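Student: Can we go through how the labels in this model get assigned? I'd like the cut-offs spelled out.

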Amino acid sequence: MKDISIILVNYNTKLITADAIHSIRKSATSYSYEIILVDNASSDGSVPYLDQTFDEVKIIPNDRNLGFAKANNQGIREAEGRYILLLNSDTLIREDTLDVMTAYMDQRPDIGASGCRVVLSDGQLDKACKRGFPTPSASFFYMTGLSKIFPNSRKINHYHMGYIDEFEEAPVDCLVGAFMMVRKETIDQVGLLDETFFMYGEDIDWCYRIKEAGWKITYNPQTTIIHLKGASDKQKSNKVLYEFHRAMVIFYKKHMLNKYSKPVNIAVYASILAKFILAYLSNLRKRKKGEAA
C-alpha cells in the first residue's frame, strides 16, 4: 500500500502536465506515493509523450473526453494510497507539499479532506481554495458584488470566506479540485465524485457529502502550490460556459432545492439563467471583436 495516490487528469496539455509531474518528482518526502494519470482522449500526443517521459506514471487512456469527475474516478478506483490527492495538471507543488499535507492528515484523523494554500501565477490567492457552500444568500452577496465591499464579513463574504486569513489554518466548507487530499476511509464512506458533473461543481458536491457524513474539511496554509489557471480575460468556449452553469443547477437541485421556499428557488434558477446569458453575450462580443481585429 502507498501513502498517497496522486490523480492527474490530462486533456491536450502534455507539457503543462509534464511540469506538474516534474514538480512531484522533486518532492522531499519520506512518504510513498504513486502517480495515476487519466488522459481524456488528447489529440496532442500526450499519451506517448508522457509514457516515454515518465516510466513510473500509470496512464489510463480514454478514447473520448469523459469529463473531470469520471476521469478522476477512474484513477481513484486504481489507487492504492491511504490518501487520494486530486491534483490539477496545471499546478506546481513545492518540495515540502506532500510531506506537510500527509503528516497533517496523519495527525488529524477527524479530517476527511484538506487543501493547502493555492496561489495563481501572479502570486494572488486562488480564492476557491477556501470557500463556503454556494447557498442562495452567499451567492447573492457574491454576484451583487457586496462581498467585495465587505471582504471580512463572515456573513456577507461567506462565499470565499474572506474573513479567514490566507495564512490561517481553519475549517472550511469547500476546497478546490485543483488540490484536494482526501482520506481513503472517507471516500469509502461517502462514495466517489458524482459523475453527473462534467467539469465543474464535483469538488463542491464532494465536500458537501463529506461534511454531511460528519468529517471535517480544513484549509492548511503550511504549504503552497501554484495554480497556472488561465487568465480571466481569456475567452471561454460555449461548452465551458454551459458546463459551468449546468453545474450550478445540478448542485442546487441536489442539495438546496428542498431547503428553501419556491420563490427563493425560482429566483436562484432565474439568476443562473441570467448569468449564463450575460456570459454567452460577453463571449459573443469578444469573438466578434477578435474577428474584426
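This is a predicted model: local features need pLDDT of at least 70, side-chain atom pairs count only at pLDDT 80 or more; totals for chains, interfaces and linings use all residues.

Student: Which residues of helix 8 meet which of helix 9?

Tutor: I204, D205, Y208 and R209 in helix 8 meet F251, K254 and H255 in helix 9.

Student: Why are helix 8 and helix 9 called roughly parallel?

Tutor: Axes are lines fitted to C-alpha atoms, for helices over the stretch in contact, and angles run from 0 to 180 degrees between N-to-C directions. Helix 8 (residues 202–212) and helix 9 (residues 238–255) pack at about 20°. Angles under 35 degrees count as roughly parallel, over 145 as roughly antiparallel, 65 to 115 as roughly perpendicular and the rest as oblique, so this pair is roughly parallel.

Student: What makes K14 sit over the ring of Y49?

Tutor: The rule wants NZ of Lys or CZ of Arg within 6 Å of the ring centre and within 35 degrees of the ring normal. The charged end of K14 is 5.3 Å from the centre of the Y49 ring, and counts as over it. K239 likewise lies over the face of F198, at 4.7 Å from the ring centre.

Student: And what about helix 1 and helix 2?

Tutor: Their axes cross at roughly 25°, so they are roughly parallel to each other too.

Methods
Residues are numbered from 1 along each chain as its sequence is written. Side-chain values use heavy atoms; hydrogens and water are left out. Helices (H or I, at least four residues) and strands (E, at least two) are DSSP runs, numbered from the N terminus. Contact means heavy atoms within 4.5 Å.
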